[in-house]
Amino acid sequence: MRYIGINDEGVSVGLTIRKILANVQNGTIRVPAFQRGFVWDTERVAYLMDSIYKEFPYGALILWRTKEKLTHERHLGPFQLPDVEPDYPIDYVLDGQQRLTSIFGVFQTELDPVDTTPWPAVYFDMSAEAVLQESQFVCPNPTCQAGAGPR
């Protein structure tokens, strides 16, 4: 799956999930303070993973590129992002933060959550029947809530 982005010359470019995750990991994609905190529960995260796997449309990611770091920012869900070099372009998430946080939380392996809320484990059920209407992604503990806890 690909997102479409605009480079510094105004030309549209494709961004893979892998590239987006790398940009989050290195701190060049960030969340401005005016965005709400992460609120999706585990079931919603699992359904997003299932949509990506089945190549269903799963929404957009709208970014605002600037070289000016905002005074106030949010963590990406429970993950604290590294700082970037001064004057390095930063892409702030204007839309798609819940999806981005979910994708990052499921696929990244480098950062540990900084708050006490455990990040929910979402797994691919290889024994599940491949039915379009049923999710093949599951959380072993259905009561765990990804957005629960203090922020």
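Author: Start with Arg-65. Its relative accessible area is 38%, so Arg-65 is partly exposed. The scale is simple: buried means under 20%, exposed means over 50%, and partly exposed is in between (1.4 Å probe, protein chains only). This is a predicted model, where local features need pLDDT of at least 70, side-chain atom pairs count only at pLDDT 80 or more, and totals for chains, interfaces and linings use all residues. Residues are numbered from 1 along each chain as its sequence is written, and side-chain values use heavy atoms, with hydrogens and water left out.

Which side chain does Arg-65 meet in a salt bridge? The partner is Asp-91, at 2.8 Å from N to O. Arg-65 belongs to strand S4 (residues 62-66) and Asp-91 to strand S6 (residues 90-95), so the pair ties together parts 26 residues apart in sequence. Strands (E, at least two residues) and helices (H or I, at least four) are DSSP runs, numbered from the N terminus. Asp-91 is buried, at 8% relative accessibility.

Now the rule. A salt bridge puts a side-chain nitrogen of Lys or Arg within 4 Å of a carboxyl oxygen of Asp or Glu. Side chains of opposite charge can pair when their charged atoms come close. By this rule, there are six salt bridges.

Another one joins Glu-73 and Arg-30, again 2.8 Å from N to O. Glu-73 is in strand S5 (residues 73-74), while Arg-30 is in strand S3 (residues 29-32). This pair links distant parts of the chain, 43 residues apart. Is each partner buried or exposed? Arg-30 is buried, at 4%. Glu-73 counts as partly exposed, at 24%.

Next come Arg-99 and Asp-95. Their side chains form a salt bridge at 3.7 Å, N to O. Arg-99 counts as buried at 16%, and Asp-95 is partly exposed at 37%. Some bridges also share partners: Arg-30, Lys-69, Glu-73 and Asp-83 are joined into one network.

Back to strand S4, where Trp-64 is found. Trp-64 is partly exposed, at 36%. Together with Phe-34, Ile-62 and Leu-94, Trp-64 makes a nonpolar surface patch of about 400 Å². Patch residues have over 30% relative accessible area and no salt bridge; like charges are joined within 9 Å, nonpolar side chains (Val, Leu, Ile, Met, Phe, Trp, Tyr) within 5 Å.

What about helix H3 (residues 97-107)? Thr-101 is found there. Thr-101 is buried, at 0%. Its side chain reaches the backbone oxygen of Gln-97 at 2.8 Å. Leaving out residues up to four places away in sequence, Thr-101 touches Phe-38, Leu-76, Gly-77 and Trp-119. Touching, or contact, means heavy atoms within 4.5 Å.

How far can you trust the picture? pLDDT is the predictor's confidence in each residue, from 0 to 100. The protein's mean is 80, and 82% of its residues reach 70 or more. Among the elements, S3 has the highest mean pLDDT (94) and strand S1 (residues 2-6) the lowest (54). Over residues 145-151 the pLDDT is below 50, yet this stretch has 21 contacts in the model beyond near neighbours in sequence. Where pLDDT is low, the predicted coordinates should not be read in detail.

Technical notes
Areas by Shrake-Rupley, 256 points an atom, 1.4 Å probe, with all protein chains shown as cover. Polar contact = N/O pair within 3.5 Å; in protein donor to acceptor, adjacent residues only side chain to side chain.
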